Amino acid sequence: MSSEPTRRIRREDGWAWLFIGPLMLGVVVFYFWPILRTLYNSFTEFGAFGGTRWTGLENYADLLTDAHVPRALLNTLIYTVIVLLGIPLSVYLAALLNRPGLRLAWFYRVMFFLPIVAMPAAIAMVWRMIYNSDFGLLNYALSLVGVDGPYWISSPGWALAAVSVVGLWSSLGFSIIILSGGLRAIPPELYEAASLDGAGPMRQFFSLTVPLLTPSIFFLTIITAINGFQLFDLLYALLGPNNPAMAQTQSLVYLFYEQAFAQNDKGYASAIAMLILLVIGVITLVQFRFQRRWVSYD
Amino acid sequence: MTDAPAPRPRAARGPRNIDAYVVLTVGGLVMIFPFVWQLIMSLSTQAEVTGVPPSLLPASPQWGNFAAVFDLLPFVDQFLVSVGVTALRVIVQMILCAMAGYAFARMQFRGRGILFALLLSILMVPNQIYLIPQYSIIQGMGLLNTVLGIAMPGLFSAFGTFLLRQHFVALPAELEEAARLDGANPWQIFWRVMLPLSGPALASVAILTTIASWNDLLWPLVVSTYEDRMPLAVGLATLQGQHMTNYPVMMAASLLAMAPILILFLVLQRRVVEGLAHSGMKG
Amino acid sequence: MVTTTRRTLLTGAAALGAGTLAACSGGGGGGGDIPDEIPADTSGEITYSIWDQAQKGAMEKIIAAFGKQFPDITVSLTVTPFEQYFEKLQTQATGGDLPDVFWMNGPNFQLYASEGKLQDLADVPGVDADSYPDAMNALYTLDGAQYCVPKDFDTIGLWWNADHFEKAGVEAPTEDWTWDDYRETSRAITEALADDGVWGNAGGTENQAYVYPLVLQAGGEIISEDATRSGYGSDAAIEAFEFLRGMVEEKIAPSIEFTSENKPADLFNAGKAAMLWSGNWSAAVFKDSPVRDAIRTAPLPTGKQAGNVIHGIGNTMAAEGRNKAAAAAFLAFLGGEEANRIQAEEGAANPAFEGTAQAYVDALPEFELQRFIDAAADASPYPVSRNTAAWLSLELEYYPKIVGGELEVAAGCAELAQKMDEALADEQ
């Protein structure tokens, strides 16, 4: 009896490798290898085209004393938290969109879908115009109610908020798609039963829908956090390197980009990349550990 | 089981759904108004767009901007490249990620946790670090400037695997156990039992991968040199000049590039929803 | 002057290059040597990489003209947006796969040249440095060897809007204008036309067009001659920044936040600013401006002395290309009279080849572009070092802080100078 489980595991091993083999092969070649290279580079001084010189922990020491790093980390965290707030909102919206009998559901779905389909550069341009403090739509709308709007993307305080809002806006469609998948997987019979039991829609939502959605929500919190930490393109497109608010608003990946391609200090940039990996890795790990508490896989 | 078409239990009595319509309409408008503006810009002249302040509405619609896109870019060629790259990525990912996702979810094997953690970790680093190593590999394989070369790194997706893994984890174990007792091997279980239940998840992966691939800019930019062999996203980016950009034409190009995806989404999402309504869910 | 072949220096540079080449992945240096005279039946396919969509038409015409002389060589043109151009170039360089011929600029030149990525022009037949401005040749020379053929050049001038001047009742700019004239005229216009939302000058902190000339005019420099020390700590630099800061503070020029969201060039283009310091590259943009008829140019004002900056794109070829003979033929053609004349005719840029600019000037007579060409004689070359990008990003960070008032001018300049010195020290 005791030998059976081990035999089953070993047999599973063979099958498992067959299933994950092709994927992992590609991942190792195209992704792991570069990460290992980056790890190695973080211990070197790396010229623009090669020519490495081992410097040990020097880059990491610099990391600890660089004033930009804690600021960038904080900015990245703030941005990520704000975008994460989009998840509860998306749950609500997805539930609405998937209500049975909702007319024109497909039309609404397309509307929410648009932001993630569009070309990022064009989107950024439009948002820049919206945020323009003298001629933009936002401040114009505010002026109608007597509020004098600030420089949204050029003041250090507001810039991060402005970028985060766009991040939130553009990620709602993504979350809704994921959640819709989860919602459709919930058998309608469960709702029937709940109705028969006398549960109203609100009750059904919180006791039935949400718990069954927790696997999808968990997925979203993981992915959104990871993506949040990768903030760069949006920041670059909305603010631009020339912006007075950039120094206080830059994210970790922006810092990385600047070191890698503007300053050509690829060794130091690699150390920053490792830092990013470490921080979001820990956050993800913690999330996985905690999932038992709130995620119900059936 | 009674032939219950489209769940009726939470019967949609008219007034009940008003809150939904209100919220969704407001939300929807917030979502789309940048595109409305984009459309307005694409029909304006450069002077109107770069005016300080920019004009709200064009004096007369400049439909010529859309035609100009085809003059400035080999649109059809680039479109086909985008289609090729995207199709490759979606198809290969669906296969590889489903298999791996299932294994990570349902199979016990040594090192499962570590491998999964390592897999996720590739999403956690700035993707610029992949640029040079991937370039060297693709170059070494002689695949620069080819659809396969552009698509290749994207064939292997941690994101898709994670999504499908979550999906498989959520499926009830009883189905599997029943099949196992029947003597099915893992492949048969996967192919005959698990996969058919994965429609929505696979559709999600397909849609999201399509979007990501369609708008993918940096990697294809680096890997393609010839104008007629680069994907649409790269072609659009080249419309930006050093000192000036023809914004109306760029907006028009962006809308044209978006259109195929929108249409695809319209078609896909209705089919998936309808397909599920008839499938009766998890038996 | 640079055309002489310094064999000793060349071997030194080549040794440096070879050492680095060995470290690169994948050799592929089998592009063949360049013959002393390239036969007209040379064949092959080469790639030409540029970053400005606006000049694509001109480049295509040049390629067509080249095809008449070398019918068996195919040139494939690639346009990469400027923002990603050098990122892509670096990736290609690291992979040993640079385009055969490509555009280069001052800030990035030394990095590529010092790593042996660029072909020494001494081995390229048909290139005569005497045809181009001295400062341009100097910009693209490293350790006695020149690596890029100047393609175009630009200097800075004062663009102004005649309608605004007239409406505000101020005199047009003259050759004798000083900083005070510039400021007081800005003040007068800003006050007179405030209701129209027009600024006297467009403000901003553009480095090449605004800050560098100001510092030079105050008697300072951006970087020392030997590229080891920053010039930002000097009194001249402080004077220049105080000048800019003063105008922002007195609301003669728009605030830093404003110009970050509404670029000075856009303001001028839309007729919302009466004056702008900019290079002749703006001609291509302003010719389509809604206020084009009012736009004029004038020489820059002088501070303690005159000061101007000259810069331009250089064409260069990869040292390890696959078909160096064909590439060399094309490179020489690009640097020749015909190609430059085509540039002028297409209005793409002000061609570097002496004497070919007439069409460029004639195309936009009211802009009086000749003055930009004349300014080249006394202009200082764009300041660069081995890793210019490192301190360029410092400028982007500090300029807004200094001019915007977040940092005291003297303290801010000192900090910028110190950081820049550190970056320059790292290069050694």
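Biologist: Which residues of helix H5 (residues 112–121) of chain B are buried?

Modeller: This model is predicted. In H5 of chain B, the buried residues are Phe116(B), Leu119(B) and Leu120(B).

Biologist: Where do the buried residues of H5(B) fall, seen down the helix axis?

Modeller: They fall within an arc of 95°, so they line one face of H5(B).

Biologist: Now helix packing. What describes two packed helices?

Modeller: The angle between their axes and the distance between the axes. Take helix H10 (residues 201–229) and helix H14 (residues 266–294), both of chain A. Their axes come within 10 Å and cross at roughly 170°. Angles over 145 degrees count as roughly antiparallel, so H10(A) is roughly antiparallel to H14(A).

Biologist: Which residues make the contact?

Modeller: From H10(A), they include Thr214(A), Phe218(A), Ile222(A) and Phe229(A). From H14(A), Ile276(A), Ile280(A), Gln287(A) and Trp294(A) are among them.

Biologist: How do the residues of that contact divide into nonpolar, polar and charged?

Modeller: The contact of H10(A) with H14(A) has 9 nonpolar and 5 polar residues, and no charged ones.

Biologist: On to the chains. How is the size of an interface often given?

Modeller: As the accessible area lost when the parts come together. Here we have residue counts: chain C gives 24 residues to the contact and chain A gives 21.

Biologist: Which helices of chain C each supply at least two residues of the side that touches chain A?

Modeller: Helices H1 (7–23), H3 (82–94), H10 (256–261) and H17 (388–404) of chain C. H17(C) provides the largest share, 8 residues. By class, this side of chain C has 10 nonpolar, 8 polar and 6 charged residues.

Conventions
Residues are numbered from 1 along each chain as its sequence is written. Chains are lettered from A and ligands numbered from 1 in the order in which they are written. This is a predicted model: local features need pLDDT of at least 70, side-chain atom pairs count only at pLDDT 80 or more; totals for chains, interfaces and linings use all residues. Axes are lines fitted to C-alpha atoms, for helices over the stretch in contact, and angles run from 0 to 180 degrees between N-to-C directions. Helices (H or I, at least four residues) and strands (E, at least two) are DSSP runs, numbered from the N terminus. Angles under 35 degrees count as roughly parallel, over 145 as roughly antiparallel, 65 to 115 as roughly perpendicular and the rest as oblique. Two residues are in contact if their C-beta atoms, placed from the backbone, lie within 7 Å. Ala, Val, Leu, Ile, Met, Phe, Trp, Tyr, Cys and Pro count as nonpolar, Asp, Glu, Lys and Arg as charged, and the others, Gly among them, as polar. A residue is buried if 20 or more other C-beta atoms lie within 10 Å of its own, exposed if 12 or fewer, and partly exposed in between; C-beta atoms are placed from the backbone. The arc is that of the directions from the helix axis to the C-beta atoms.
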